[in-house]
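Hi everyone, thanks for making time today. I'd like to walk you through a structure that may be new to you, so please have a look at it with me.

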Amino acid sequence: ANVKMAERADHDTSILQFASFCSTLDTGFWHKLSYKKLNEYKLSEGKVDIWGSYTNGDVAGLPTRLSLDYSAFDKPELSARIYNSPGILVITNTVEKFKTTDKEQLLRETSELIWRDICSGAAVTDPTLLTRFHLFTFANLKKYQYLYWFAFPALLPEKPIQSSPPLSVKSHFNEDQIKSLVISWDNFQLANPGVGYFLVKISDKQIDVKLLTEFDSVYGKNPQHVVVGFCDPCTLDNNPGWPLRNFLALIAKQWGSYVSQLSVLCFRDRTRDGHRDVGHSLFYEKVEVPIFVLDDDSSPKSVGWEKNAKNKLVSRKVDLSSSMDPVKLAESSVDLNLRLMKWRLLPSLDIQLIQQTRCLLLGSGTLGCSVARCLIGWGVRNITLVDNGKVSYSNPARQSLFQFDDCANGGKPKAETAAEQLQKIFPGVNAKGVTLSIHMPGHTIGNNADAIEAVKKDCATLEELVKLHDAVFLLMDTRESRWLPTLMCTTMSKLCINAALGFDTYMVMRHGFRPDPPTTTQAASMSGDQLGCYYCNDVVAPTDSTRDRTLDQQCTVSRPGLSMIAGALAVELMVSILQHPLKGLAPADVGEEDSEGDSNLGIVPHQIRGFLSRFHNVLPASKSFDQCTACSEKVISSYKKEGFEFLLKAFDTPNYLEDLTGLSQLFSETIDDQVWELSDDEN
């Protein structure tokens, strides 16, 4: 027979101490509260239903958190591993009312609701009622300053609860039992999402999880060994979380007449680095069922007002004047996903480096729009878009930064329009549009002085833009338009990412990074300074690819989803390079199965060539070509020495680059009748 621990505690028991809840409020919560106070509640000081949530999967060291965010004002959907808590919000209209209101009365009112649900049995059917809380606040909406105080009511028994020392689940149960517990728990959550209190039935090889409503069928009216469990938000090794307090009160009221002690499973379900672990859950073999001696119409006393950071029972204050500006709020919201990555998945992720990278997008069309959208998703704050075209009626359907109205009256300038739209989407980005022509080999300028001066000005503008940015994306339509920025990026040691589309194929690559002064790397595979550029596999200089072409050959005719795939890969490649210890000098990874890469985001390939018809990617790598018409030493030296005069020769003289690099001599010495060249459209 069970011996009442209220009469005599065993020598190995001690007072059970609980880790109290700690409130965690997202900035979005205060933003939503401000909106509702201004537009809905106005002068009302009535009670408002809100919802918080907690989880039993926090990493070690975090407090026992009850979290509220912008969605706290809407009844949440039930979901596995997230346990909702109903709450009451009261907003006073004056700071004096906040200070003088009887706080004990507020706590008592919420406690009485919990006790009422315990006595009626409502908490057996819906155990979330056991974690009711109260949020009392004053909002100074002129200065975005808030006073607030949380109460997490816990009903007090006649005397402290005694328990045996806690044991870890992995030390108390065997492997078969733990595996069956996980399986049973997962099935339980599928059938009852969001339910955080349960019965536990234990056998030698199996542990099953049951609903509280099944108590009589599981244990009957004369139970010998009752085991209950709850999802424990606490991460401490020797203490259960706050939700257990009112759970024990429910057991005392509903089944205390024939249960004087029981066992408790504090279930903790943590996933880290892809590995799930429940072994750190706690198990109490003996816990005293508390005793409540009350009149029929009274409720127990309670505690629960949250202490501040100095462990004192006073309200808290938050000043969000600097962050409640909508633009700043948008910035913090954009950064939220990145910061969440650092919490568990990528603690070493350098978010600041990504945000501070100044990106130049040459081309504001299909690829440019996709790359720009992905960059702001990574939190990049400085983006410059370059294009010389205007928005046409065929653009908005495939280019996400344009709308139908942008096509009217001959169309708005693409670059400026894309930059304006980017700032509408995310006001925190410093987006700039530049209308500029990028001049190309094979596109003759002639002897007109005004034309030459205009080209010289355009080249100087492009050179200055490349100089002011850290990463340059080549996203133009034609092959030859990439030659000049490739030359400039190599000369100025800039990170250069190239993306090109065929009908159902794409190519994304990083150009070889040539630091100044040169450095030596100890890499088993090709280091970043050995990699080739877009032109290194060519044995001809770039020429006018639009001459004698039909309309379908002049336009980029590709499957609609291709640009988004290639654009996203281009951005992800840049981010992976930035996270690699060697940055642009990162060696090329060709995707061996056992390779995980040195970047915390994985491998850093040289090229990604995709074939949408087969949904297949390959990761080739190639070394730089010493006779390349864009990045070879002869070309770089001539550009540094002659400047615009060199560019003018390249633009006007068809075979100049081939003669300079020695390709012409290579042709004359070739014995073979034919030289196969790669297709311009990357097929």
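This is a predicted model: local features need pLDDT of at least 70, side-chain atom pairs count only at pLDDT 80 or more; totals for chains, interfaces and linings use all residues.

Let's visit one of them, formed by Y148 and F150. Their ring centres are 6.1 Å apart, with 85° between the planes, and the pair is edge-to-face. Are these two residues buried or exposed? Y148 has 9% relative accessibility, so Y148 counts as buried. F150 is at 0% relative accessibility, and therefore counts as buried too.

Now for another pair, F215 and W255. Here the ring centres are 4.3 Å apart and the planes meet at 15°; planes under 30 degrees apart count as stacked, so this pair is stacked. And where do the two partners sit in the chain? F215 belongs to helix α7, residues 215–219, while W255 belongs to helix α8, residues 243–255. The two residues are 40 apart, and their pair links distant parts of the chain. Both F215 and W255 are buried.

Let me go back to Y148 and F150 for a moment. Both belong to one aromatic cluster, whose other members include F21, W30, Y54 and F133.

Finally, the charges. K103 lies over the face of F98, at 5.6 Å from the ring centre. Over the face of Y534 we find R482, and there the distance to the ring centre is 5.4 Å.

Conventions
Residues are numbered from 1 along each chain as its sequence is written. Side-chain values use heavy atoms; hydrogens and water are left out. Rings of Phe, Tyr and Trp (its six-membered ring) pair if their centres lie within 6.5 Å; planes under 30 degrees apart count as stacked, over 60 as edge-to-face and the rest as tilted. Buried means under 20% relative accessible area, exposed over 50%, partly exposed in between (1.4 Å probe, protein chains only). Helices (H or I, at least four residues) and strands (E, at least two) are DSSP runs, numbered from the N terminus. A charge sits over a ring if NZ of Lys or CZ of Arg is within 6 Å of the ring centre and within 35 degrees of the ring normal.
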